[in-house]
Every structure is written in structure tokens, then in C-alpha cells.
Amino acid sequence: MRILFCDDNPSVLEQLMQYTREFFSQLGGTMPEFAAYSTGDALLETEAVADIAFLDVEMPGISGIHIGAKLKQHNPKIKLFIVTAYPDYLDEAMRFQVFRYLSKPIDKNRLFRNLKDAMYQYAMESKVFPVETPEGIAAKRAEEIVCVEADGGKVRIHTTDGVLSSLKGIQYWRQTLKLPCFYACHRSYIVNMRFVYRVFKDKITLKYGDTTMEAYLTKRKFTEFKDTYLQYLGCVQ
């Protein structure tokens, strides 16, 4: 595993690295490879590929959020932690599908909880779900399932590489997709929160690659979904 840190404040950079080393020391096993940068331009010049990245938002040159978008092009599975003292970037961070949003000063306990979530998600992303279709069975990992959609008597599984017709009904998928990243936002939709791009009062926009789609959001569930999604992003203390 490789972890990148990018912040123009040396003390924040050192604190993040120290806390992260401490977390993985307690976790046991092999210590990840660390790489630290003081500007986004310096990071991008290395064409770095990583599994986790901690990125400050406001730095000289390119912003941390846009650095994250570049890193996702190299590794769509990367877990992006946006680190900033300013909460105004949440909407923009959502559009780039960050994993967590951390506020400064860094709270070690909160960081540890979020790193634990990141490691858990790495393990869960490898979990395979068999999708029974009229043509046979397709095996899809959790990270590949964008949304489950029920339309009349048909159920479609939207994945990162196409749409599958499921022989199982929406209720089956509600009982099967029990991972924290999945949310039944409507009687006809189950969404994977890692692909959320925008949230409105009555719908959710999902984005994967160059593709966008919309899922209905039951209005009475808006507040619950918003709170659940912010918790998923790590924006709630």
C-alpha cells in the first residue's frame, strides 16, 4: 500500500504522517510506503499512483481537489481524504467523490476512525455479488455496482462497465447489499454512495467515468440520506 500526503503547511504534513504511522503500527502488518509533497504540482510531476491520499485544498498552484481527480484517473479505487480548515469546499469535494473530508486542526481519534473505515472498505470492495441474468451469472464487486433500479417488473443493475438485467427482485437486493456504502433511497432505487455526484430534495445524481444517471430520492428520506451521506464522507464529528 502507498499513501500520499500533500500540504503546504509543514507542521500539518508532519502531524498527518505521524498519526498515520501510529495507526498502521497499531494495526500491525507491513507499514505502507509514504510520500510527502508541499505542492500539488510537485506531486503531479512524479505521476504518483497511490491507494490513499491526504490532500490539502488551498495550496500554491493546483488545488487538492483537482489533484484528487487526477489521481483517480490513475487509480479509481484510491481513497481521497480532503483536508482543510474551510468547510466551503464540501460540494466540490462531493463532485470528485472523495472518501472523507477532514477539518483542521486534525483530530487524531477521528482520523483513526476514518482510516479504519478506509481499510474496511478496501476489504469489502473485494466482496463479490453474483448477479443472475437471463444469459447466466455475472460476478460483480461492490465497488463496481453503481445503482440498482426497479422499473415495473424489471430490475437493472447499473455497473461501471454496463447494465445487467437481474432475475432477482429489488427486495432481494435490499437484503443483499448490506454494506455501509449502499442506501435504499427510494422503493425503486438502491445507490452506492461512492458514486454520488449531487443531492437534491427529490433525486440523486450518480457519476461514474463519463456517465451520469439519476435516482429518485423519497422526499421524506432527504434528511436521513443527507445525514447518512455526510457521515459516510466523514463530515460529522
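1. About 90 Å³ of space lies in the largest cavity of this predicted model (a cavity being a set of points, on a 1 Å grid over the protein atoms alone, where a 1.4 Å probe fits but cannot get out; its volume is the space filled by probe spheres set on the points). Its lining includes Lys77, Phe99, Gln121, Arg194 and Tyr232, where lining residues have an atom within 4 Å of a point.

2. On ground rules: this is a predicted model, with local features needing pLDDT of at least 70, side-chain atom pairs pLDDT 80 or more, and totals for chains, interfaces and linings using all residues. Residues are numbered from 1 along each chain as its sequence is written, and side-chain values use heavy atoms, leaving out hydrogens and water.

3. Arg194 turns up again in a salt bridge with Glu143 (3.7 Å, N to O); the term means a side-chain nitrogen of Lys or Arg within 4 Å of a carboxyl oxygen of Asp or Glu. Arg194 sits in the loop between strands S12 (189–192) and S13 (196–199) and Glu143 in the loop between S7 (136–141) and S8 (145–151), so the pair ties together parts 51 residues apart in sequence (strands are DSSP runs of E, at least two residues, numbered from the N terminus). Both residues are buried, i.e. under 20% relative accessible area with a 1.4 Å probe, protein chains only.

4. Elsewhere, Asp7 and Lys104 meet in a salt bridge at 3.0 Å, N to O. Asp7 is buried, at 1% relative accessible area.

How values were computed. On a 1 Å grid over the protein atoms alone, a cavity is a set of points where a 1.4 Å probe fits but cannot get out, and a pocket is an open set with protein on both sides within 12 Å along at least five of seven lines; lining residues have an atom within 4 Å of a point. Buried means under 20% relative accessible area, exposed over 50%, partly exposed in between (1.4 Å probe, protein chains only). Helices (H or I, at least four residues) and strands (E, at least two) are DSSP runs, numbered from the N terminus.
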